[in-house]
Every structure is written in C-alpha cells, then in structure tokens.
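Please follow this explanation with the sequence and the coordinates side by side.

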Amino acid sequence: MKGNTTIARPYARAVFEQARADGELKAWSDMLAVLGLIAADPQMQGLMRNPRVSHAQLTGIVLDICGTRLNEQGKNFVCLLVEARRLGVAGEILRLYQELHAEAEGVATVEIISAYPLEEAQRETIRQKMAARLSRKIEITTHVDQDLIGGAVIRVGDSVIDASLRGRLRQLHRIISG
C-alpha cells in the first residue's frame, strides 16, 4: 500500500491542482471514483496484467466502460495511466485526491479503528481533541477490528496513533527482544 501511495501521490496532486484551477473539483472526484472502481475489478486487473492486451486495447476498454462519465481531460488521464502502467493505482489516486480536497477546505478525515464499536460520546471526544490538535474541522470514520483486543488505532493522513492493546504488546515484545 505504501508503494502505491508513493506512486499515486504525484498523479493525485497534479489532478487536484488542475481540477482546482478549472473549478472542476467535484467532476474530477466523480471521474476518479469511476476509474477506481474499474481498476479494482478483478477482471480488469487480469486485463491490466495480461501482456497480450496492448495499451490501446486497454485504454479502449476503460474508455468504453466509462462512457460519458469522463470529460476530455479525464480521457487523456486514462491514456496517461494506461501508458505508464499506473491504472492499478487509480483507487489510491482517488483517496489522495480526496485528502487534498478536504485539506484545501480545512477538513481532516480521522479514521478510528477500534476493538469494539465506539459510543457517540467517545467519537465526539476524539473529534474535539483532534480538531484542537489539527486546527481543522474533523470528519470521523470508524471501523471495528476485534484483533486489536482493546483500545484503538487513529489515522489522520499519513499519521498513525496506535493506542491499541495489540500495538502495545508489539511494542513490549520489541523492547524485550531487542
């Protein structure tokens, strides 16, 4: 995933800057969402890996699937991604684009992965503390991962706060082993 982020970041930044300059932030978000769905499809992934499928053929297939959901710049972007063999990171480009868009609007998305479902009061406490820490409006997404045993992992962009029991046990193991 980290490798995909490194590959996707310059594309996401370039698309975001162009979209902002053209006043097309929503349109590009929609186009990237379509490309992300296409790239995530197992059959499409097979085509992307198939050496017998030419760049022109793959581009044609993607453009046919997209139909009228892409403008001319979107079509050119598909050609660029296929030629550079980067269509597979379209979902990561979308994620990074959305982060840049939220950042430009002064919004930070905080992902909370907890061992058990959080109560609304717990989410609100985290929202307030993160808003004070980041000086931004906070949007929270939550997921449950019982493998954490207890506690939570909080992600904001590339930053991770691991306050899970599993994370603490790993840290303790490293101290003892190292």
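**Helix packing, a serine and the overall fold**

In this predicted model, the axes of helix α3 (residues 42-49) and helix α4 (residues 55-66) come within 10 Å and cross at roughly 160°, where axes are lines fitted to C-alpha atoms, for helices over the stretch in contact, and angles run from 0 to 180 degrees between N-to-C directions. That angle makes α3 roughly antiparallel to α4, a label given to angles over 145 degrees, while those under 35 count as roughly parallel, 65 to 115 as roughly perpendicular and the rest as oblique. From α3, Met 44, Leu 47 and Met 48 meet Leu 58, Ile 61, Val 62 and Ile 65 of α4, contact meaning heavy atoms within 4.5 Å. By class, this contact has seven nonpolar residues and no polar or charged ones, with Ala, Val, Leu, Ile, Met, Phe, Trp, Tyr, Cys and Pro counted as nonpolar, Asp, Glu, Lys and Arg as charged, and the others, Gly among them, as polar.

Helix α4 also packs with helix α5 (residues 72-83), their axes coming within 9 Å and crossing at roughly 140°, and the two helices are therefore oblique to each other. On the α4 side the contact is made by His 55, Leu 58, Thr 59, Val 62 and Leu 63, and on the α5 side by Lys 75, Val 78, Cys 79, Val 82 and Glu 83. These residues divide into six nonpolar, two polar and two charged.

Ser 164 has a relative accessible area of 0% and is buried, a term for values under 20%, with exposed over 50% and partly exposed in between (1.4 Å probe, protein chains only). A polar atom of the Ser 164 side chain lies 2.9 Å from the backbone nitrogen of Gly 167. Leaving aside neighbours within four places in sequence, Ser 164 is in contact with Leu 148, Gly 150, Gly 151, Ala 152 and Val 153.

The protein as a whole has eight helices and four strands, running α-α-α-α-α-α-β-α-β-β-β-α from the N terminus on. Of its 178 residues, 33% count as buried.

Residues are numbered from 1 along each chain as its sequence is written, and side-chain values use heavy atoms, with hydrogens and water left out. Local features need pLDDT of at least 70 and side-chain atom pairs count only at pLDDT 80 or more, whereas totals for chains, interfaces and linings use all residues.

Key: Polar contact = N/O pair within 3.5 Å; in protein donor to acceptor, adjacent residues only side chain to side chain.
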